[in-house]
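Student: I have a new structure open and would like to learn how to read it. Could you take me through a few of its features?

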Amino acid sequence: MTPVVRKFLDLPLIVTEDLFLVTTKQSFIAPSGLNPADIAELLPRLAVASHLLANFPRIIRLVDQLNLDSIVSHIGSLSESRPIEEIISVDPNPLRDLYSLFADIDHLANSKSDTYQKLLGLPIWKSSGGLVSGTQALLPGNFTDPTGQAALLDTSTLTESARLFLTTKLGVKTQTIETFVQTVLPNFFGDDGPTEPSQYNRIISELANHSSLINDNDILRLLGSLSMVPTQDGGWSRPVDTYRRTDELVRILGDARHLWLDTDRTPPTRSAQTFIDNLGIRRRPNARHLVDRMLYLAEQYRPTDDTKRASSDAFYVLCENYDKWRDRTDFKNAINDLRQAACFPAFGDEEKWHTADELYAVYRADAFRSQANILDFRNTARLKTDLLEYLGVSINPETQLVIDHLLHCISSGGSTPLLRTL
């Protein structure tokens with residue numbers, strides 16, 4: 001490009017369809033087959049070169065052709081400092097023409113994927129709730145949103161080509177029960193439960209009517225991760241962190257009301273209760289809740305016989321599941337909290353809890369009892385040596401401990417099983 005041409009590009013010599021003078025670099029030529037006057041009317045702040053420029057082929061070659069990326073960049077940059085109503089007309093008919101323009105220009109030349117994403121994110125799509133970004137919108141389908149929160153696009157503003165462009169290029173989904181679950185429910189159920197609890201039973205009943213949901217593993221994983229079941233403490237929890245209260249679970253986990261499903265706040269129908277169970281309601285304790293039980297007991301109570309028994313009930317379940325759970329990240333994260341916590345009882349000590357590395361396993365305890373703190377979990381048949389070793393509990397006493405215990409027994413006039421075998 002010669003210096004003369006570069007200088008020419010900076011001169012305000014191009015007349016737009018709106019009869020403004022702009023530089024060559026600021027203007028665009030409408031693609032062949034599209035009326036520049038129509039484009040200028042839809043995008044009044046975009047410098048669309050006059051159709052008369054076609055009479056000057058040597059000049060027109062220097063002007064960029066309008067494409068979807070330039071339109072999206074134009075709207076996006078202006079929307080950072082201006083309301084959208086100053087950039088485009090928000091009336092239904094002009095919006096219908098604008099959406100068709102997107103499809104028509106893209107049909108002439110496919111755009112880049114990031115252009116589609118930027119267009120999808122612009123708050124220019126007319127919905128039942130006003131103008132929204134395409135990332136929030138759905139096309140009406142065969143399912144009615146019981147929450148009324150879904151942003152359904154106004155189909156009266158969509159030509160067939162625009163609708164096809166929305167679905168195939170921008171990836172806007174049609175509202176089905178599946179898309180409702182994927183796009184609306186994660187916003188309806190926050191960390192503290194539903195945004196509108198009064199609608200909860202209606203939603204659960206509606207979901208329970210769609211048996212296909214429980215056959216979709218991805219849908220089930222999503223639902224199981226939402227705080228969508230009420231608990232007996234008045235709060236809300238994820239199904240995968242919640243149980244139906246039983247005496248056995250209370251014995252192992254304590255009467256932890258934040259873990260129990262509150263059936264009084266759920267629809268009483270069998271279909272709804274079955275649906276809730278299928279979301280992942282737990283039947284057996286998980287590692288995190290077992291560890292939390294042990295930590296809670298140690299924080300709140302002294303190691304009496306009752307609290308030792310309660311702690312052992314939780315620990316034995318960890319032991320019983322160790323081989324099945326040992327490679328799972330959630331299990332490792334949970335039991336790592338036990339490694340440094342003073343939450344283990346010792347024989348004869350009802351005043352303080354101990355860390356695992358302060359203790360010896362109960363195996364052969366009579367051979368060194370007077371010389372060490374021994375873990376007061378006595379049911380050796382339910383203990384798991386591998387887990388004890390991982391936590392730092394010593395399994396085999398050092399020889400010196402046995403000797404010192406033997407000398408202690410002799411000096412005190414007592415006897416040991418070891419002496420009785422001699």
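Student: Let me begin with a single residue. Where is Ser133 found?

Tutor: Keep in mind that this is a predicted model. Ser133 sits in the loop between strand E6 (130-132) and E7.

Student: Is Ser133 buried or exposed?

Tutor: Ser133 has 10% relative accessibility, so it counts as buried. Leaving aside neighbours within four places in sequence, Ser133 is in contact with Leu120, Gly121, Leu122, Pro123 and Trp125. Its side chain also joins that of Thr135 through a polar contact of 2.7 Å.

Student: Now to helices. How do I describe two that pack together?

Tutor: Two packed helices are described by the angle between their axes and the distance between the axes. Here, helix H4 (residues 68-79) and helix H6 (residues 113-121) pack at an angle of about 35°, and their axes are 10 Å apart. The crossing of H4 and H6 is left-handed.

Student: Which residues of H4 and H6 meet?

Tutor: From H4 come Leu68, Asp69 and Val72, and from H6 come Thr115, Tyr116, Lys118 and Leu119.

Student: Which residues are buried in helix H8?

Tutor: Helix H8 spans residues 177-188, and its buried residues are Ile177, Thr179, Phe180, Val181, Val184, Leu185 and Phe188. The next step is to ask what they pack against. In H8 they pack against strands E7 (137-138), E9 (189-190) and E10 (193-194), and against helices H9 (200-208) and H10 (217-224).

Student: What about the nonpolar cores? Which residues touch the most other members of the largest one?

Tutor: Phe315, Leu318, Leu338 and Phe344 do, in a core of 44 residues. The elements giving two or more residues to this core are helix H11 (247-253), H13, H14, H15, H16 and H17. Apart from it lies another core, of 42 residues, including Leu66, Ile84, Leu153 and Leu166.

Student: Which residues does Leu338 touch?

Tutor: Not counting residues up to four places away in sequence, Leu338 touches Val291, Met294, Leu295, Leu318, Cys343, Phe344 and Leu391.

Student: Let's turn to charged pairs. How many salt bridges does the structure hold?

Tutor: There are 20 salt bridges. To read one, look at which side chains meet and where they sit along the chain. Take Arg302 and Glu351, whose side chains meet in a salt bridge at 3.6 Å, N to O. This pair links distant parts of the chain, 49 residues apart: Arg302 is in the loop between helix H13 (287-300) and helix H14 (305-320), while Glu351 is in the loop between helix H16 (329-339) and helix H17 (385-391). Arg302 is partly exposed, with a relative accessible area of 44%, whereas Glu351 is exposed, at 59%.

Student: Which residues do salt bridges that share partners join into one network?

Tutor: Let's build it up from its pairs. Asp323 forms a salt bridge with Lys384, with the closest N and O atoms 2.9 Å apart. Asp323 lies in helix H15 (residues 322-325) and Lys384 in the loop between H16 and H17, so the pair ties together parts that are 61 residues apart in sequence. Asp323 also forms a salt bridge with Arg326, the closest N and O atoms being 3.7 Å apart. Through shared partners, Asp323, Arg326, Lys384 and Asp386 are joined into one network.

Student: How accessible are Arg326, Asp323 and Lys384?

Tutor: Arg326 is partly exposed at 32% relative accessibility. Asp323 is partly exposed at 47%, and Lys384 is partly exposed at 21%.

Note on methods
Residues are numbered from 1 along each chain as its sequence is written. This is a predicted model: local features need pLDDT of at least 70, side-chain atom pairs count only at pLDDT 80 or more; totals for chains, interfaces and linings use all residues. Side-chain values use heavy atoms; hydrogens and water are left out. Buried means under 20% relative accessible area, exposed over 50%, partly exposed in between (1.4 Å probe, protein chains only). Helices (H or I, at least four residues) and strands (E, at least two) are DSSP runs, numbered from the N terminus. Contact means heavy atoms within 4.5 Å. A salt bridge is a side-chain nitrogen of Lys or Arg within 4 Å of a carboxyl oxygen of Asp or Glu. A nonpolar core is a set of buried Ala, Val, Leu, Ile, Met, Phe, Trp, Tyr and Cys residues joined through side-chain atoms within 4.5 Å. A polar contact is a pair of N or O atoms within 3.5 Å; within protein, one must be able to donate a hydrogen and the other to accept it, and residues adjacent in sequence count only if both atoms are side-chain atoms. Axes are lines fitted to C-alpha atoms, for helices over the stretch in contact, and angles run from 0 to 180 degrees between N-to-C directions. A crossing is left-handed if the near helix is turned anticlockwise from the far one by less than a right angle, and right-handed if clockwise.
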